[in-house]
Amino acid sequence: MSAETLSTLECELHETKGAVDILDVLREEMEQWLEEAQDDSKHEALENVLGHIEVLDVEYRRRHEQVQKQLQTEK
């Protein structure tokens, strides 16, 4: 594998890790807002946002693991 490909994979590894970290922070904030929601419509909207964050989190964690494996096999 070329150095350029390794560099690209390493960059993607850091990007996916950053995305996972940001999604963790967002989830924590949304969960706190959900606890503080006063009416049903706000509660439902925040549950929908949390569901979307969960889906994104699963996808970015999958991508992160994939890139990690790729890097390990190529080095």
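Which residue does arginine 61 meet in a salt bridge, side chain to side chain? The partner is aspartate 57, and the N to O distance is 2.8 Å. Hi everyone, that pair is my way into this structure. Please keep in mind that we are looking at a predicted model.

Let's stay with the pair for a moment. Arginine 61 and aspartate 57 sit in helix H2, 4 residues apart, so about one helical turn separates them. Their surroundings are worth a look too. Aspartate 57 counts as buried, because its relative accessibility is 4%. Arginine 61, at 34% relative accessibility, counts as partly exposed. And the story goes on from there: salt bridges that share partners join Asp24, Arg27, Glu54, Asp57 and Arg61 into one network. The structure holds 8 salt bridges.

Now, on to arginine 27, which you'll find in helix H1. Is arginine 27 buried or exposed? It is buried, with a relative accessible area of 14%; the cut-off for buried is under 20%. Leaving aside residues up to four places away in sequence, arginine 27 touches Leu50, Ile53, Glu54, Asp57 and Arg61.

Let me take two of the salt bridges of arginine 27 in turn. One is with aspartate 24, where the side chains meet at 2.6 Å, N to O. Both residues lie in helix H1, 3 residues apart, which is about one turn of the helix. Aspartate 24 is partly exposed, at a relative accessible area of 22%.

The other is with glutamate 54, and here the closest N and O atoms are 3.1 Å apart. This pair links distant parts of the chain, with arginine 27 in helix H1 and glutamate 54 in helix H2, which covers residues 40-74. The two partners are 27 residues apart. Glutamate 54 has a relative accessible area of 35%, so we call it partly exposed. For anyone who wants the general idea behind such pairs, side chains of opposite charge can pair when their charged atoms come close.

Finally, a look at the surface. Which residues gather there in a patch of negative charge? They are Glu28, Glu29, Glu31, Glu35 and Glu36. Take glutamate 35 as an example: its place is in helix H1, which spans residues 3-36. Glutamate 35 is exposed, with a relative accessible area of 70%.

How values were computed
Residues are numbered from 1 along each chain as its sequence is written. This is a predicted model: local features need pLDDT of at least 70, side-chain atom pairs count only at pLDDT 80 or more; totals for chains, interfaces and linings use all residues. Side-chain values use heavy atoms; hydrogens and water are left out. Patches are made of residues with over 30% relative accessible area and no salt bridge: like charges are joined within 9 Å, nonpolar side chains (Val, Leu, Ile, Met, Phe, Trp, Tyr) within 5 Å. Accessible areas come from the Shrake-Rupley method with a 1.4 Å probe; for residues, only the protein chains shown count as cover. A salt bridge is a side-chain nitrogen of Lys or Arg within 4 Å of a carboxyl oxygen of Asp or Glu. Lys and Arg count as positive and Asp and Glu as negative; His and the chain ends are not counted. The place of a charge is taken as NZ of Lys, CZ of Arg, CG of Asp or CD of Glu. Helices (H or I, at least four residues) and strands (E, at least two) are DSSP runs, numbered from the N terminus. Buried means under 20% relative accessible area, exposed over 50%, partly exposed in between (1.4 Å probe, protein chains only). Contact means heavy atoms within 4.5 Å.
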